[in-house]
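Please look through the sequence and the structure shown here before reading on. The briefing that follows is grouped by topic.

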Amino acid sequence: MDAPSYTPEDAPVPEGEIVIERASTPLDIGPKFNRTVADVVKFLMENGEMVTATQSLSDDMIELFVAEIGAEVRLVDPGEEQELELLKKLDVPAEDEEVDETGWAHRPAVITVMGHVDHGKTKLLDQIRNANVIDGEAGGITQHIGAYQTERNGHVLTFLDTPGHEAFTAMRARGAEATDIVVLVVAADDGIMPQTIEALNHARAAEVPIVVAVNKIDRENADPQRVLAQLAERDLVPESWGGDTIVNEISALQNIGIDELLESLVLVAELEDLRASPEGRAQGTVLEAHLDIGRGPVATVLVQHGTLQVGDPMVAGPAWGRVRALINDKGEQVKEAGPSVPVQVLGLSDVANAGDSFVVAPDEKTARDVADTREHYTRVASLGRDASATAGGARLEDIFSQIQAGEAATLNLIVKADVNGSLEAVTESLKKLEREEVKLSFVHRGVGGITENDVQLAATSNATILGFNVRPDRKARELAETEHVEIRNYEIIYKLLEDIESAMLGMLAPEYEEVVTGDAEVREIFRVPKIGAIAGCYVLNGQITRGSKVRFLREGVIIWKGEINSLRRFKEDVREVAAGYECGIGLSDFQDLKSGDIIETFDEREIART
């Protein structure tokens, strides 16, 4: 029996909250609202959205339709509802489920070091673990999250190093979520800076204790008291001022006050009474992930509960695998890792996403099933975003025509980076560059080198490829030349952002300069009935072209601007006349011609915006 066909007038909208997945098609959402596919498509078309029955819809399109029919809707990411079922499969307790913590053992504190760029975070960690990781980093900026352990008076402390450049805000936020204590590094000579406040906000959002390290006290212009005053203004009142914020004055360069800082951290860790169960299947967070040519996908994880062992089947976001090897912060292979221990994991099927949670599955089949389901829904979500975002997009060189036509231009980008942390940071930073007139659309984002597939995708979607710490292989380079795909490679995030920003500035409102293309001297004036004055000229330089814009100069002064209406040599109309030849020039609406006047032609050429 055929289903009844409703019309918008007589179809009742279902009561209560309707769950709709993002990137759904009219085919998906129509029946949920007792509407036909045609109803959805017709309404969106009437509102300027040209869609088909099987096209993924943006959030805005869905909300527009929902508002029209008066339904109550909750938009969820594809797979969000299924994810709850997957977690049950993995025996992961729900967030609101109470967990019995009886018999849990003490665990090391996880400490995140945060602060403004160049305030000495990396040097501080360097002193703590006596290994130099500063040399050789492009631009002197820590590009990736590292995790290290150190021991102090019998207490183990785990340190996470979060990069200081503002581009890595998302990474800092993730570091704070996986942390027990935040060390806020403030330079004694600089004081509190924008990124210091940003880091402080992350720490407060994570609701963790904050220990302040006032660094660079060995400098001549150091003023620790000013820093204390700035801290107090932001409700971090130092203990020495009667507050409860622990402040240590240090010099990471001179190794001054480092011992006292570590003792402060041990004290705070003891007060926090941090515990976890080393028993059972491991769970934790992916801190970083990248593709290693020799070893395959590598994930740096922080174990938060249970013990991760070699041979365990694990799932991390959409990646899964059996743990082939575990490598600790000293580069040694280990058999297992307990709570608060950071390790690199080898053996995953794919590059995990930084910030994903990982869990050891009951068996390999469950791990594979969960990862495959997640991967499917991640791809569906990505396709939906890309379908709506890339419509009408253009490359850098094509963008001006859209702007000049009064349209909102979209710049399509493919972003490839060495690790997920960098990828996320670059993406978030680029999003901040968007303007009202120019939107950015990420056609594809991925970890690893630039491949032929990336170039092919760029060619079909009119995209520019941005590579961060990665390079195209020879075949990709050759294909890019053939397909005229632009690839831009960067090692320092500042440069990448500067280039794209200047490109976008150029796109917003092109400026023009006038370039002289030719000039001719008026030697005789002819009067032609119904046409008016014609200037008999001799071309001195360049060339005179019919239709050119002109300036009429008399003794160097501009007395008129317009266009060349007619151009003749002898009695024939010509398109252009080169230097050294005579010609007759008719001007659009200027008759006041005198012998000796100069007719100067020019073009308007675009110049870069600054």
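Strand 14 (residues 313-316) and strand 15 run antiparallel and are joined by 4 bridges, where two strands count as paired if DSSP finds at least two bridges between them. Helices (H or I, at least four residues) and strands (E, at least two) are DSSP runs, numbered from the N terminus. The model is a predicted one, in which local features need pLDDT of at least 70 and side-chain atom pairs count only at pLDDT 80 or more, while totals for chains, interfaces and linings use all residues. Residues are numbered from 1 along each chain as its sequence is written, and side-chain values use heavy atoms, with hydrogens and water left out.

- Strand 15 (residues 319-327) has 7 of its 9 residues buried, so it is largely enclosed by the rest of the structure; buried means under 20% relative accessible area, exposed means over 50%, and partly exposed lies in between (1.4 Å probe, protein chains only).

- Strand 7 (residues 181-187) pairs with strand 8 in the parallel sense over 6 bridges, and Val183 has Val211 of strand 8 as its bridge partner.
- From strand 7 the chain crosses through helix 7 (residues 194-205) to strand 8 in a right-handed β-α-β crossover, right-handed meaning that, with the strands pointing away from the viewer, the path from the first strand over the helix to the second runs clockwise.
- Strand 8 and strand 9 (residues 246-249) run parallel and are joined by 4 bridges, with Glu249 in strand 9 as the bridge partner of Val214.
- The chain passes from strand 8 through helix 8 (residues 224-233) to strand 9, and this β-α-β crossover is right-handed.

**Nonpolar cores and a covered helix**

- In soluble globular proteins, nonpolar side chains tend to be buried together.
- The largest nonpolar core has 40 residues, of which Leu308, Met314, Phe358, Leu430 and Leu496 touch the most other members; such a core is a set of buried Ala, Val, Leu, Ile, Met, Phe, Trp, Tyr and Cys residues joined through side-chain atoms within 4.5 Å.

- Val539 is found in strand 25 (residues 532-545) and is buried, with a relative accessible area of 0%.
- Leaving aside neighbours within four places in sequence, Val539 is in contact (heavy atoms within 4.5 Å) with residues including Asp519, Val577 and Tyr581.
- Ser277 is found in the loop between strand 10 (275-276) and strand 11 (283-292) and is buried, with a relative accessible area of 16%.
- A polar atom of the Ser277 side chain lies 3.2 Å from the backbone nitrogen of Glu279.

- Most residues other than glycine have a negative phi, and most peptide bonds are trans.
- Ser340, which is not a glycine, has a positive phi of about 70°; Ser340 lies in the loop between strand 17 (336-337) and strand 18 (342-348) and is buried, with a relative accessible area of 2%.
- Asn469 has a positive phi near 60° and lies in the loop between strand 22 (464-468) and helix 14 (474-483), where Asn469 counts as partly exposed at 28% relative accessibility.

Methods. A polar contact is a pair of N or O atoms within 3.5 Å; within protein, one must be able to donate a hydrogen and the other to accept it, and residues adjacent in sequence count only if both atoms are side-chain atoms.
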